[in-house]
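Try each task before you read its solution.

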Amino acid sequence: LQNKIYPKDKTFYIDLGYLGLNLTSTFQDTQGAQLKAGYFFKEEWAFEINYLKYTNSDNAALSGVENVAAVTPFVRRPLSSTSIFLIWSPFYGKINTFNKIYYFDWSFGVGTGVYQMESNLKTAELRDENRFDAETYTPLQLKTTLKFHINKSLHLGVEFLNTNIQSNTPSNPNSKSWDLNNDVIFSIGASF
């Protein structure tokens, strides 16, 4: 594209996000809030710091299993994520809709950090006791983000965040296997 309207080289950004959809939790309704800040040290490359705080509540599927099977199912739920990402933003473009031009950037990221979760691993499948214990992981995180520019300093975003951890389960408590959590986050931010 000619005449790039929103260059990123040597710019900072800060975003405030809302976890609109958790695609992984079977027995929980999960929401959250995100705060992230980054710096584009080149036009296509940035470092980003990301904090995500989750809230969880039991859903109808959990109650249904407890009532029908008379046991509490295994639940692992996220509490918080503190991460650092390397961002690659190779795509930018514009969309002409209703005679108005909207500009966007499309980026990809890989990161790691500290992922706080809790699970009822030790008490799952027991009816009378359901205790959640804290767990800490070092995840492999992948993400993609679409950022739509409102003007030179404000933007809206939608992000798909995939968090991968190695954890154990009640069926195999002595060995670890890959588990994942997927989130869709909507955000508003500023660039300067």
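The exercises below cover salt bridges, strand pairing and a cavity.

This is a predicted model in which local features need pLDDT of at least 70, side-chain atom pairs count only at pLDDT 80 or more, and totals for chains, interfaces and linings use all residues. Residues are numbered from 1 along each chain as its sequence is written, and side-chain values use heavy atoms, with hydrogens and water left out.

**Exercise 1.** Find how many salt bridges the whole structure holds, and describe the one between Glu48 and Lys143.

Solution. Start with the criterion: a salt bridge is a side-chain nitrogen of Lys or Arg within 4 Å of a carboxyl oxygen of Asp or Glu. A search of the whole structure with this rule returns 13 salt bridges. For Glu48 and Lys143, the closest N and O atoms are 2.2 Å apart. Glu48 belongs to strand 3 (residues 45-58) and Lys143 to strand 7 (residues 140-149), so this pair ties together parts that are 95 residues apart in sequence. Strands here are DSSP runs (E, at least two residues), numbered from the N terminus. Next, check burial, where buried means under 20% relative accessible area, exposed over 50%, and partly exposed in between (1.4 Å probe, protein chains only). Both Glu48 and Lys143 are buried.

**Exercise 2.** Trace how strand 8 pairs with strand 7 and with strand 9.

Solution. Two strands pair if DSSP finds at least two bridges between them. Strand 7 and strand 8 (residues 154-169) run antiparallel and are joined by 10 bridges. A hairpin connects them through 4 residues, and Thr144 stands opposite Phe160 in strand 8. On to the next pair: strand 8 and strand 9 are antiparallel over 15 bridges. Their hairpin runs through 2 residues, and Gln166 stands opposite Trp178 in strand 9.

**Exercise 3.** Locate the largest cavity and classify its lining.

Solution. On a 1 Å grid over the protein atoms alone, a cavity is a set of points where a 1.4 Å probe fits but cannot get out, and lining residues have an atom within 4 Å of a point. Grid points are joined across faces, edges and corners, and a volume is the space filled by probe spheres set on the points. The structure holds 1 cavity of 30 Å³ or more, and the largest cavity has a volume of about 110 Å³. Of its 13 lining residues, Phe40, Ile87, Ser107, Thr145 and Lys147 are closest to its centre. Strand 2 (28-40), strand 4, strand 5 (100-119) and strand 7 each supply at least two lining residues. For the classes, Ala, Val, Leu, Ile, Met, Phe, Trp, Tyr, Cys and Pro count as nonpolar, Asp, Glu, Lys and Arg as charged, and the others, Gly among them, as polar. The lining then has 4 nonpolar, 3 polar and 6 charged residues.

Technical notes. On a 1 Å grid over the protein atoms alone, a cavity is a set of points where a 1.4 Å probe fits but cannot get out, and a pocket is an open set with protein on both sides within 12 Å along at least five of seven lines; lining residues have an atom within 4 Å of a point.
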